[in-house]
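Subject: Structure handover

Hello,

Here is the structure I said I would pass on. Please open it next to this email and look up each residue as you read.

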Amino acid sequence: MIKALRGMRDILPPLSKKYLYFINTAQKLAQNYGFEYIQTPLLEETSLFKRSVGESSDIVGKEMYQFIDKGGNDVVLRPEGTAGVVRSFIEHKLDRQGKVFRFYYFGAMFRYERPQRGRFRQFYQFGVESFGEKSVYEDASLILLGKSILDRFHIPYRLKLNSLGCPNCLPPYKKELVKFLSSCEGICEDCKRRRELNPIRVLDCKNPNCQEIYKTAPKLKDFLCPECQEDFSKLQTLLKKEGVEFEIDENLVRGLDYYTKTAFEFVSEQLGAQNALIGGGRYDNLVEMLGGKPTPAVGFAIGIDRILELIEYEEGREGFYLGALDKEGVEVIFSLARKKREDSKVFLEYKPKSLKAHLKSADKLKVTTVGIVGEEELKSDTIWVKNLVTKKEEVIPLEKFLELG
RNA sequence: GUGGGUGUAGCUCAGAUGGUUAGAGCACCAGAUUGUGGCUCUGGGGGUCGCCGGUUCGAGUCCGGUCAUCCACCCCA
């Protein structure tokens, strides 16, 4: 038997219904916030991610589905959504229009990782990206959108917030941190690696021993420049005013190189180790890094696979079941179904069965109304109808059946 | 890439110390007097015991390998 590749999964009912339910809801809310749909290719030139996400990240370093295509191009299946949207934004010269653009997208992302709970090699994200708006009100709006999506599905979360500084204040901090780290003894092997590759990543190390050591490390918040500081505190004020609960997490260091200033993450206690539901932040330098006009930007991405685990979705009774007691009756309900299906969901049973068997199937199919044509009804162009919820039953003319709601 | 757990029916799982036609519950299908669902009862279909090899008179059970899957590390949504 041929099976799906490792880390690739099929999304079939009832999960697929939940998937659509989520997309529809998230989409609607994003539109309410002024975002418009954008679709970009799943396949991009490898260098796009090397330049945006950064070679120091594991995503680019070892998790990319990368290959040379038949034309000799070095390509990858996108490991994340932002880079492609930014590329598109620049390619279509939207950076020169001096306007604000807001996009949302959803679809598959690919990372060659070892699968575990909440983590797949092909996974789905719903993301939003806002370009050209430098105001911290936009950061706040995005967080409110994220919150509103989670709230809509009654998902409990914790919101973690941090500021990563800007090109003015982050580098001096990094220098100071590296100096501190080189004086540290006994940090774990991973941290030693991070020290060389991407020093601020040591901050969210899970090793308790390391965390103990880093208690005396220099703090990024002490290095924030006045502008970063002011924006960060304004953001907190705005969120408080809107009744959003959050916690400052100085160790929240997002993994992608392009983040600046605001970084946030919605996490869930109900997932496994992979507990990030939404991750996002500001990336004011990315457009320029990829060759566009300097354009402030902020965005986030939702892990759809993870959020689906937390969404309760129960389908109520809906639609009609049509059956017949004998072959002649099947001809009648076949035509009847065609007409009824113009406006309603109809399950049609092709096989003549006993009334009892029909009712049993109809009940299992969770329809609200059953219509059966038997010997009597066949003679009089009528149909026997029973509502499975109210238990009310009646015999009505076939035309009347089409008017049922 | 590293560590640990698990692979028996569509699903959840039983099958001490190797021994005959491999079981249960749920689900599915059909019946329980004639045209009335959910409950109950009866019957039925469905398994190369992940795969390959080894030990043995005999392997679902023991050994080796392999693959898959889950959980965690790493990393991230």
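Below are notes on helix packing, the nonpolar cores and some individual residues.

Please keep in mind that this is a predicted model.

Helix packing

Start with helix α5, which covers residues 136–152. Its axis comes within 9 Å of the axis of helix α9, residues 226–241. The two axes cross at roughly 45°, and α5 and α9 are therefore oblique to each other. The crossing of α5 past α9 is right-handed. On the α5 side the contact is made by V136, Y137, D139, A140 and I143. On the α9 side it is made by D231, K234, L235, L238 and L239. Sorted by type, the residues of this contact are seven nonpolar and three charged, with no polar ones.

Helix α5 also packs against helix α1, residues 15–32. Here the axes come within 10 Å and cross at roughly 145°. The crossing of α1 past α5 is right-handed. From α1, the residues in the contact are T25, A26, L29 and A30. From α5, they are L145, S148, I149 and R152. This contact of α1 with α5 has five nonpolar residues, two polar and one charged.

P13 and P14 are joined by a cis peptide bond, with omega about 5°. P14 belongs to the segment before α1.

Nonpolar cores

The largest nonpolar core has 76 residues. Which of them touch the most other members? They are V128 and I302. If you leave aside neighbours within four places in sequence, I302 is in contact with A26, Q125, F126, G127, I149, L277, I278 and I307. Another core, of 16 residues, lies apart from the largest one, and I333, V367, V373 and F401 are among its members.

K174 lies in helix α6, residues 170–182. Is K174 buried, exposed or partly exposed? It has 17 C-beta neighbours inside 10 Å, so K174 counts as partly exposed. Not counting residues up to four places away in sequence, K174 touches P199 and I200.

K366 is found in the loop between α13 (355–364) and β14 (369–373). Its phi is positive, about 60°, although K366 is not a glycine. Because K366 has 14 C-beta neighbours inside 10 Å, it counts as partly exposed.

K391 lies in the loop between β15 (382–387) and β16 (393–397). Phi of K391 is also positive, near 70°, and K391 is a residue other than glycine. With 7 C-beta neighbours inside 10 Å, K391 counts as exposed.

Regards

Methods. Residues are numbered from 1 along each chain as its sequence is written. Chains are lettered from A and ligands numbered from 1 in the order in which they are written. This is a predicted model: local features need pLDDT of at least 70, side-chain atom pairs count only at pLDDT 80 or more; totals for chains, interfaces and linings use all residues. Axes are lines fitted to C-alpha atoms, for helices over the stretch in contact, and angles run from 0 to 180 degrees between N-to-C directions. Helices (H or I, at least four residues) and strands (E, at least two) are DSSP runs, numbered from the N terminus. Angles under 35 degrees count as roughly parallel, over 145 as roughly antiparallel, 65 to 115 as roughly perpendicular and the rest as oblique. A crossing is left-handed if the near helix is turned anticlockwise from the far one by less than a right angle, and right-handed if clockwise. Two residues are in contact if their C-beta atoms, placed from the backbone, lie within 7 Å. Ala, Val, Leu, Ile, Met, Phe, Trp, Tyr, Cys and Pro count as nonpolar, Asp, Glu, Lys and Arg as charged, and the others, Gly among them, as polar. A nonpolar core is a set of buried Ala, Val, Leu, Ile, Met, Phe, Trp, Tyr and Cys residues joined through C-beta atoms within 7 Å. A residue is buried if 20 or more other C-beta atoms lie within 10 Å of its own, exposed if 12 or fewer, and partly exposed in between; C-beta atoms are placed from the backbone.
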